[in-house]
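Hi,

Here is the structure I promised to pass on. Have a look at it first, and my notes follow below.

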Amino acid sequence: MQVVRTTEALRLALTGDGAPGSIGFVPTMGALHSGHLHLVEQSRSANDITVVSIFVNPSQFNNAQDLERYPRDEQRDVALLTDAGVDVVFVPNTAEMYPPGFSTWVTVEGLTNVLEGEFRPGHFRGVATVVTLLLQMVRPQRAYFGEKDWQQLLVVRRLARDLMLDVEIVGVPTVREPDGLAMSSRNERLDHSARRAAVVISQALAAAQAEYTAGERDHDALERKLHNTLAQEPALTTEYALITDANTLQAPASSNAPLRALIAAHIGGVRLIDNIPL
Ligand code: AMP
């Protein structure tokens, strides 16, 4: 496995031995867990070469403290990716991604006005810009994104389509801990009691999903189920808990719209998000 830190070294690694075949790409912010490794497995099974990037992208953090506290452990990440059979790891520094004078930003409208976009102003401008840059640098045939960040997956699909980037965006279902908590690098920051309480997020999603499966179609009743379940855990502060059209992220326009339940909440000083299809 090659670890490269510059765009030039990345290009050499990907063109060194002539045509490399198909490239699968998994962008991450490091502090890797089994969710990330599942994306890597998907990429390896469908492509000749798998490239993973590790870059904690400052422009997508709207909170300086959150950026500072974001977990980082490059040595451990590189060991995990070596074991996972990755071919190239791209670990750029901030100046490599945003050289002096950098002034072009990618903004996806509409989809980014709600949910994460509403509570984290500027977040998706940072995400859309860095993903566009990384896709230009790696030029993969396929790029892998987790459903864990459902809105991000929709935003990336939209930008790839609108900018006519010649890449297939592959969505991968969320990998969970045995108790249901969605795996996340931020889980590392939960202390023992916050970790135990955090499970209520996936429990609320599962409760709404169970009601839907049992035949409940009333939008307000399904959202009430989310809120009532979350309210059972006083240590948790809900930012949003919504049932939306899975594709538009707006209130469902018809009774047969595909639905998604989405939650963002704070617990023990950590902000967690999760979602589930109904
Ligand atoms: P991050 O390092 O948090 O930016 O995540 C990098 C990629 O891994 C994103 O596409 C995430 O959606 C995805 N990811 C994060 N957590 C999970 C998970 N629990 N299951 C599946 N994919 C995930």
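**What I found**

W105 is partly exposed, with a relative accessible area of 30% (buried means under 20%, exposed over 50% and partly exposed in between, with a 1.4 Å probe and protein chains only). Before going on, a word on the source: this is a predicted model, where local features need pLDDT of at least 70, side-chain atom pairs count only at pLDDT 80 or more, and totals for chains, interfaces and linings use all residues. Residues are numbered from 1 along each chain as its sequence is written, and side-chain values use heavy atoms, with hydrogens and water left out.

Back to W105, then. F102 and W105 make an edge-to-face aromatic pair, with 5.4 Å from centre to centre and 80° between the planes. For the terms: rings of Phe, Tyr and Trp (its six-membered ring) pair if their centres lie within 6.5 Å, and planes under 30 degrees apart are stacked, over 60 edge-to-face, and the rest tilted. F102 is partly exposed, at 24% relative accessibility.

There are six aromatic pairs in the structure. In one of them, the ring centres of Y98 and W105 are 5.8 Å apart and the planes are at 20°, so this pair is stacked. Y98 is buried, at 14% relative accessible area. Together, F55, Y98, F102 and W105 form one aromatic cluster.

W105 also has a charge over its ring: the charged end of R125 is 4.1 Å from the ring centre. (That takes NZ of Lys or CZ of Arg within 6 Å of the ring centre and within 35 degrees of the ring normal.) Likewise, R260 places its charged end over the ring of W150, 3.7 Å from the centre.

W150 brings us to helix α8, residues 150–162. (Helices are DSSP runs of H or I with at least four residues, strands are runs of E with at least two, and both are numbered from the N terminus.) The 13 residues of α8 reach 18 Å from first C-alpha to last, close to the 18 Å expected at 1.5 Å a residue; the expected span is 1.5 Å times one less than the number of residues. Which residues of α8 are buried? They are W150, Q151, Q152, L153, L154, V155, V156, L159 and A160. The buried residues of α8 pack against α6 (116–119), α7 (123–138), β5 (142–146), β6 (168–172), β8 (259–267) and β9. After α8 comes M164, with a positive phi near 55°.

A31, in the loop between β2 (23–28) and α2 (34–46), has a positive phi of about 50° although it is not a glycine. A31 is buried, at 3% relative accessibility. R139, in the loop between α7 and β5, is another non-glycine with a positive phi, near 50°. R139 is exposed, at 58% relative accessibility.

Last, the ligand. Of the 17 residues around it, H36, G146, D149, V175 and M183 come nearest (a residue is near if one of its heavy atoms lies within 4 Å). A polar backbone atom of G146 is 2.9 Å from a ligand oxygen, and an N or O atom in the side chain of D149 is 2.6 Å from an oxygen atom of the ligand. A backbone N or O atom of V175 lies 2.8 Å from a ligand nitrogen. (A polar contact is a pair of N or O atoms within 3.5 Å.)

Best wishes

How values were computed. Contact = heavy atoms within 4.5 Å. Polar contact = N/O pair within 3.5 Å; in protein donor to acceptor, adjacent residues only side chain to side chain.
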